[in-house]
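Colleague: I would like to learn how to read features in a structure file. Could we go through a case together?

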Amino acid sequence: MSLFDNFMLGLAVVSNLEAIMALIIGVAVGVVAGAIPGMSATMAVALALPFTFSMQPITGILMLLGVYKGGIFGGSIPAILIKTPGTPASSATVLDGHPMAERGEAGRALTMALYASCTADLISNLALILFAGWLASFALSFGPPEFFTLILFSLTIIAGVSGESLLKGIVSASLGLLLATVGLDLVYGTARFNFGDPNLMGGLNFIAVLIGLFAIPEILSMVWNPHGHEGKVRTLGRKGASFADYKRCFKSIIRGSFIGVILGSIPGIGAAPSAFLSYSEARRKSPNRENFGKGEIEGVAAAEAGNNGVAGATLIPLLALGIPGDVITAIIIGAFMIHGLQPGPLMFVMNADIVYGLFMGLIVSSIALFFIGGAAIRVFKYVADIPRGILFPLVLVLCVYGCFAVNNSMFDVGVMFAMGWVGFLMLQYGVPAAPFLIAFILGPLLEDNFRQAMLMSGSSPAILFRSWITWFFWGLSALTVIAVIRGGMKARADQKLGSSGGM
Amino acid sequence: MSRTSHFHVGIAALVFAGFLAVFGIRYGVSSPSNVSNIVLSPTFWPYVVAGLIGLSGLGLVLSARGAAAGEAEEPRPEGGWMRLMIMAALMVGYVLLTPVLGLVWTSMLAFIGLAFLIRTDHPKSAFLAAILVPLALYLFFAHVAGMAVPQGAFVRLP
C-alpha cells in the first residue's frame, strides 16, 4: 500500500465522533491535571489509562496521547502563575514566565506559552509522521542481537532521567530490572521470585507498579507533610501575547521545536533537557539576551517550544522500535499492550490503520490544544483551587479503581500500595523513579533478546557483534557512557571549584 | 541531596545485593539441573542484576566520602510518622475490607479517612465528594466498562 492509501486508512479509523471526543477530552484532562500543582502529566496519563480499557484501541490511545500533550502544556500554567512547575519539563518556563507574572503580565506569558506549545507540537507531529515509518522499515531487518544492543543503548540513556545522581539512577534501574524477572522463566518455564504464589506467576502487573511508583508516593508525601504544596496565585493581567510578540519569538520557537524533535527522538532524554537547551540557545542568539531571567517573553516561548517539541518525537522510537522515549510513553506502551498491540516495526505492517490513524489524530490534537489551552488559561484559577484535602483522596480512589480494573484483582491493589511505599522511600532518599519504570519495561525485552541470541549462536557472544547495526549501537552506548563519565567528572570539578571559591 | 543519603542508599543497596546473592536467588529462583550453559540459566540474569546493585551501592558509599555535605535536611513535619502509620493502616484496611464491604463503600470510608488525615479545610465538600466520587466511578466501571466491581456482603448496588 502507498503512503497515501495508509493515510486514507488512518483517516477512516479516526474520523468518528468517539475518537475525536476522546482526544479532546484527553487534552482537556491533561491541561487540567498539568495545571494542578502536585499532579503531573505522568500521573494524569497513569490515572487515565484504566478508563481506556473498554474503548477501541485507537480511541483509548488517542485519549492518552491527548492527556500527554495537554499535560505538558498544562504544566506551564502553575510554572508561570505560582512558580511551581506542574511538570519537570516546565522548569525552564519558570525562569521568565514567573517574573512576567510578577509584573502583571501573566496572561501575555501564558498565551505565548500556548502559541509556542502548539507550534512546536505541530512540528513534532510532522516529524513523527515523516520519520517513524522510515525508521520502522529499517528496523524490520533487526534480529535478537540487534534488538539487544538497541535496548542496551536505551538503558544507558537512563543517565538522562537519573537527576542529580547517576549511581542512584543505576540502583533504581537495577531494581526495575530485578522486579521484571518475577514470574515464569520464558526458556525453561521455572518460577522466579514468585514464592509459590499463583498471583505472581505472570509477573507483576505493569499498571500496579506504574501507579504505585508515580501516584501513591505523591499521596504519601501529602500525608507526611500536608502543607507542602501551597503556593501564591498571581492574577492574569489584561493583555495576551500579540502577533508581533509571536513574530519576534518565531525563530526561537522554530529552533526550540527542532531541538525538541531531535532530543525527543532519542529514548530516555525527555522534555526537561530539551526545554533548557532551547532556552539557553535562545538566550545565546537573542538581541535581548540581557533580559532573560528577568521576564523576557522570548524565554517563555523558547522553553515551551523545547518541551512541547519533544511530545510527538518521543513517539518515533515508541512506534518504530517499541522503545519508550520517556516515562509517559512508557505508560502509553502499556496501553498498546493492554489492547493487544505490540509497538515496533511490525506494527506498521500489521496495524497500519492504527498507526496512521494515530498520526491523523495527533494533528487534530495540536488544534484541540490551541482551543482548550486558551480556555484553560481563563479558567485556571478555578481548576487550581481544588482543595488538596479533596484532590488527594480523589486520586487515591481513582488509583484503586484503576488498578483493580486491569485484572479484577485486589492483589494488584496490594502490589500498587506496596510499590507506593517503595516509591515514597525512593523519593525521600532522592532515588529517581523514572529509571525504575523504564528498566521494568525494557528488562524483559533485554533479557529475552539476549537469551534468544545466545540460543541462536550456541551461547557464543560473537553474535552480539554480528552486523554493522550491533556495532552502531555498541558504539553509541560506549559514547554515551564516556559522555556521562566526562559530565560527572566536570560537574565534580565545578563543584570543587565552587566550594574552594566560596571559602 | 546530602552525602548522608548517598551513604544510606549505598549501604542499603550493598545489603540487598548481598542478600540476593546469598539467599534471595538461591531460594527464590528455580533452575533445572540440565541447563547447558550458565548464560541460559534462569538464575543468570538475577545474578547480573544483583551484581549491578552491589556495584552501584559500593559506588554510592565511596562517592559519599568525597561528596559535599549538601543542604541541611529539611525539618521533619510534626506528626508525620504517625500520619504515615495511619495511612499504612488505611491501605491495609482498604485491601482487606473491600471483599467484605464492597469497593464502593470501602472507597467512601478511605476517602473520608484520607481527607481528615491530611487535615482538609473543607470537611463538608470532602464528605460530599467521598460519596459521589466512588459512586460515579462505580457507574463508569460497572455499567460502561463492564467490570465486575466487588459488591461486598451487605449493601449491593444495582
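Colleague: Which helix gives the most to the lining of the largest cavity?

Modeller: Helix 4 of chain B does, with three residues. Keep in mind that this is a predicted model. The search of the whole structure finds one cavity of 30 Å³ or more, and the space in the largest cavity is about 30 Å³.

Colleague: How do I read the lining of the largest cavity in terms of nonpolar, polar and charged residues?

Modeller: Sort the lining residues by type. Here nine are nonpolar, two are polar and none is charged. Among the residues of the lining are B:Leu103, B:Val104 and B:Trp105, along with B:Tyr138, B:Pro150 and B:Gln151.

Colleague: How many residues does helix 4 of chain B have, and what span is expected?

Modeller: The general idea is to compare an expected span with the distance between the end C-alpha atoms. Helix 4 of chain B has 15 residues, for which 21 Å is expected at 1.5 Å a residue. From its first C-alpha to its last, helix 4 of chain B reaches 20 Å, close to that value.

Colleague: Which residues of helix 4 of chain B are buried, and what covers them?

Modeller: Buried means under 20% relative accessible area. In helix 4 of chain B, the buried residues include B:Leu103, B:Val104, B:Met108, B:Phe111 and B:Leu117. Their cover includes helix 3 (80-101) and helix 5 of chain B, and also helix 11 (216-224) and helix 19 of chain A.

Colleague: Where in chain A does A:Asn408 lie, and what is its phi?

Modeller: A:Asn408 is in the loop between helix 19 (388-407) and helix 20 (410-428) of chain A. Its phi is positive, about 50°, although A:Asn408 is not a glycine. With a relative accessibility of 37%, A:Asn408 is partly exposed.

Colleague: Why is helix 6 of chain A said to be largely enclosed by the rest of the structure?

Modeller: Count its buried residues. Nine of the twelve residues of helix 6 of chain A are buried, so the rest of the structure largely encloses this helix. A:Val94, A:Asp96, A:His98 and A:Met100 are among the buried ones. The length check also works for helix 6 (residues 91-102) of chain A: at 1.5 Å a residue the span should be 16 Å, and the end C-alpha atoms are 17 Å apart, which agrees. After helix 6 of chain A comes A:Gly104, with a positive phi near 85°.

Colleague: Which residues does A:Phe138 touch, leaving out those up to four places away in sequence?

Modeller: A:Phe138 touches A:Trp468 and A:Ile469. A:Phe138 belongs to helix 7 (residues 106-139) of chain A and is partly exposed, with a relative accessible area of 31%.

Colleague: Last, into which domains is chain B divided?

Modeller: Chain B is divided into domain 1 (3-66) and domain 2 (80-144). To place two domains, take the distance between their C-alpha centres. For domain 1 and domain 2 of chain B, the centres lie 38 Å apart.

How values were computed:
Residues numbered from 1 in each chain as written. Chains lettered and ligands numbered in written order. Predicted model: local features only at pLDDT ≥ 70, side-chain atom pairs only at ≥ 80, totals over all residues. Heavy atoms only, no water. Helix = DSSP H or I, 4+ residues; strand = E, 2+ residues; numbered from the N terminus. Buried < 20%, exposed > 50% of the residue type's maximum accessible area, 1.4 Å probe, protein only. 1 Å grid on protein atoms, 1.4 Å probe; cavity = no way out; pocket = protein on both sides within 12 Å on 5 of 7 lines; lining within 4 Å. Points joined across faces, edges and corners; volume = space filled by probe spheres on them. Nonpolar A, V, L, I, M, F, W, Y, C, P; charged D, E, K, R; others polar. Domains from an automatic or database assignment. Expected span 1.5 Å × (residues − 1). Contact = heavy atoms within 4.5 Å.
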